[in-house]
Amino acid sequence: VKREDELSFGISGSKIRKYRSLIPWLLQKGVKEAVIIGSACSNNVLGLCQLMIENQVRPTLFLRGDPSYSIKGNALLSSLFVPASSIVWIAKQEWRTVEDKAVEYASKQPHAVYILPEGASVAASLPGALTLPIDIIENENENGVSYDHLFIEAGTGFMACALILGLNWLKRPSTVHVLLLADDEKLFLQRL
């Protein structure tokens, strides 16, 4: 068991790996506003809100959910970072069009807006995500073991794809078992 939830305070899990390359890339590009797409309960949305504000990038949230329900958990914490005027609520039945709605919003702004899909699954996140297979190999070397089966859970599947691709590129044979929590096998294989 690799305890990815203890990498930092507040932002945890493998997300912090993605952010280590994503945030510097956004800053290098001079991004001043980012649309963050995700569930109202998303750890990714909450973590990115915090990092965007810390780095003077305005977060605008496109959230799946309904604000008429009581706001609690991550939705409550995100609402403390971002004013209600910067949150666009998208009903579940309209979610398939969320990226189109984000593009439409961005096109109406007087400045460039970067759109981050669910899970921050973008090319700029890949270098950070690829640190997972490297760290696993380092853990093997430290402990004098070799793992022939690795298990990873997947929301968007981005980290699982990075693990598989990284191990393949490093020519490190291992069977990777992916527990799909959000999408189906066909969509995961397309992303891979």
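**Ground rules.** I number residues from 1 along each chain as its sequence is written, and I use heavy atoms for side-chain values, leaving out hydrogens and water. Because the model is predicted, local features need pLDDT of at least 70 and side-chain atom pairs count only at pLDDT 80 or more, while totals for chains, interfaces and linings use all residues.

**Sheet.** I looked up the strand order and found an open sheet of four strands, β3-β2-β1-β4, with parallel pairing. Strands (E, at least two residues) and helices (H or I, at least four) are DSSP runs numbered from the N terminus, and two strands pair if DSSP finds at least two bridges between them. β3 (87–90) and β4 (114–116) are at the edges with a single partner strand each, so one side of each lacks a neighbour in the sheet. I noted three bridges between β1 (residues 33–39) and β4. In β4, Y114 stands opposite A34.

**Helix on the sheet.** I then checked helix α2 (residues 43–54), which packs on the sheet and touches β1, β2 (58–64) and β4. Contact means heavy atoms within 4.5 Å.

**Helix pair.** Axes are lines fitted to C-alpha atoms, for helices over the stretch in contact, and angles run from 0 to 180 degrees between N-to-C directions. In α6, L132, P133, I136 and I137 meet M159, A162, L163, G166 and L167 of α7.
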